[in-house]
Amino acid sequence: MKRREFIKNAGFAAVGGAAASTTLAAPAIAQQRIEMVIVSTWPRDFPGLGTGAQRLSQRIMDVSDGRIQTQYFAAGERVGAFDVFDEVASGNAQAYHAADYYWKGKHPGFAYFTSVPFGLTENEMGAWINFMGGQELWDELSAEFGLKAYAAGNTGVQMGGWFNKEINSAEDFKGLKIRMPGLGGDVMAKLGASPVSLPGGQIYENLVSGAIDATEWVGPWNDYFLKFYEAAKYYYWPGMHEPGGYDAFGMNKTWFDNLTKTDQALIQACCLMENDLMMSEYNANNGRYLSRLINEHGVALREFNDDVYDAFGEASEEVFAEARAHSDLANRIHESFAAARADVGGWMKLSEGAYYRQRNRVLGL
């Protein structure tokens, strides 16, 4: 065979081999495609919580170069807001984006992995979850329900809530119907209020109709868009109930365990990124929307006085005692949380807390 013919024939063979290789590889590639249905407790396009969850869904698809195909459903689009836990635990969906304290009725330990009264700020939560045993306890708790969860968003220190009357003492909570989920709602009950748990999309109508007298939600950015100022005049701060509210990306554990280590790490990395981005976005927006609430809508900003906060503290200790009594795991979660609060909180008092106080004093902020 002449050299030119050999090269020509070899070229055809190479092309044919490549085509054969592509043909053979295609089914394998198709098999690697992973379908991931994500359900959430947030309304579609709701600032911060909803858009953050949607952003996370898209990022998982982008980072995997489309190999993990996500389908995102906002509250009510596939299941109700408070039905996402069971939807994922049952395997009907692969993941949810929610606040895990919504599931405290299933186990009080879940509240600690969103936020609890007199709890951890966003920075403190990160220390506990990532380096002080929090994630391991979260894994143990979630596994009891067939789930695996990562932190995937944070709203920071929340406001104390919207009220249609001034709160000057603990007595003012008696008989008050207030939307407040988690252990914070249990604190309200200890003070004589009637707490209710409502998804974000149902709060406004209940506040306007008088079905509830007061509500907490998140902070100025979110509260502005829900127009709570149309139904309540007094906006209280600071919230004792949720000083660093984590959002959870809860996945069906069997589904997650069957992923490759690479895909598990990919999802975790996307969650960690959203955790940082969401907190940054809230900090970027809360100040400007607080100004709009006050200047454009005449909202009256009020600070809970020390007597009210002391009553919160006493009631929270009763609530914690009841949570700890639930089970050995609940008690271990509380003990780990409390140790982190003492350790990291003591440092924050000397670092960020002291710096904020002196910087703001000098600059008149």
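# Exercises on sheets and helices

Isoleucine 38 has alanine 95 as its bridge partner in strand E3. The model is predicted: local features require pLDDT of at least 70, side-chain atom pairs count only at pLDDT 80 or more, and totals for chains, interfaces and linings use all residues. Residues are numbered from 1 along each chain as its sequence is written, and side-chain values use heavy atoms, with hydrogens and water left out.

**Exercise 1. State the overall make-up of the protein: its helices and strands, its span and its share of buried residues.**

Step 1. The protein has twelve helices and eleven strands. These are DSSP runs numbered from the N terminus, with helices (H or I) of at least four residues and strands (E) of at least two.

Step 2. The C-alpha trace spans about 100 × 50 × 45 Å along its principal axes.

Step 3. Of the 365 residues, 51% are buried; buried means under 20% relative accessible area, exposed over 50%, and partly exposed in between, for a 1.4 Å probe and protein chains only.

Step 4. Among contacts with a separation of 6 or more, 76% are between residues 24 or more positions apart. Contact means heavy atoms within 4.5 Å.

**Exercise 2. Describe the five-strand sheet, and find which strands stand at its edges.**

Step 1. The strand order is E2-E1-E3-E10-E4, in an open sheet of mixed pairing. Two strands pair if DSSP finds at least two bridges between them.

Step 2. The edges are E2 (68-73) and E4 (147-154); each has a single partner strand, so one side of each lacks a neighbour in the sheet.

Step 3. From one strand to the next, the twist averages 25°.

Step 4. E1 (residues 34-40) and E3 (residues 95-98) run parallel and are joined by three bridges. Helix H10 (residues 261-297) packs on this sheet, touching E1, E2, E3, E4 and E10 (246-252), and its direction makes about 30° with that of E4. Axes are lines fitted to C-alpha atoms, for helices over the stretch in contact, and angles run from 0 to 180 degrees between N-to-C directions.

**Exercise 3. Characterise how helix H12 is crossed by H11 and by H4.**

Step 1. The axes of H11 (residues 306-324) and H12 (residues 328-363) come within 8 Å, crossing at roughly 135°. That makes H11 oblique to H12. Angles under 35 degrees count as roughly parallel, over 145 as roughly antiparallel, 65 to 115 as roughly perpendicular and the rest as oblique.

Step 2. H11 contributes Phe320, Ala323 and Arg324 to the contact, and H12 contributes Ala330, Asn331, His334, Glu335, Phe337 and Arg341. By class, these are four nonpolar, two polar and three charged residues. Ala, Val, Leu, Ile, Met, Phe, Trp, Tyr, Cys and Pro count as nonpolar, Asp, Glu, Lys and Arg as charged, and the others, Gly among them, as polar.

Step 3. The axes of H4 (residues 122-131) and H12 come within 9 Å and cross at roughly 130°, so H4 is oblique to H12.

Step 4. The contact joins Asn123, Glu124, Ala127 and Trp128 of H4 to H12 residues including Phe337, Ala340 and Met348.
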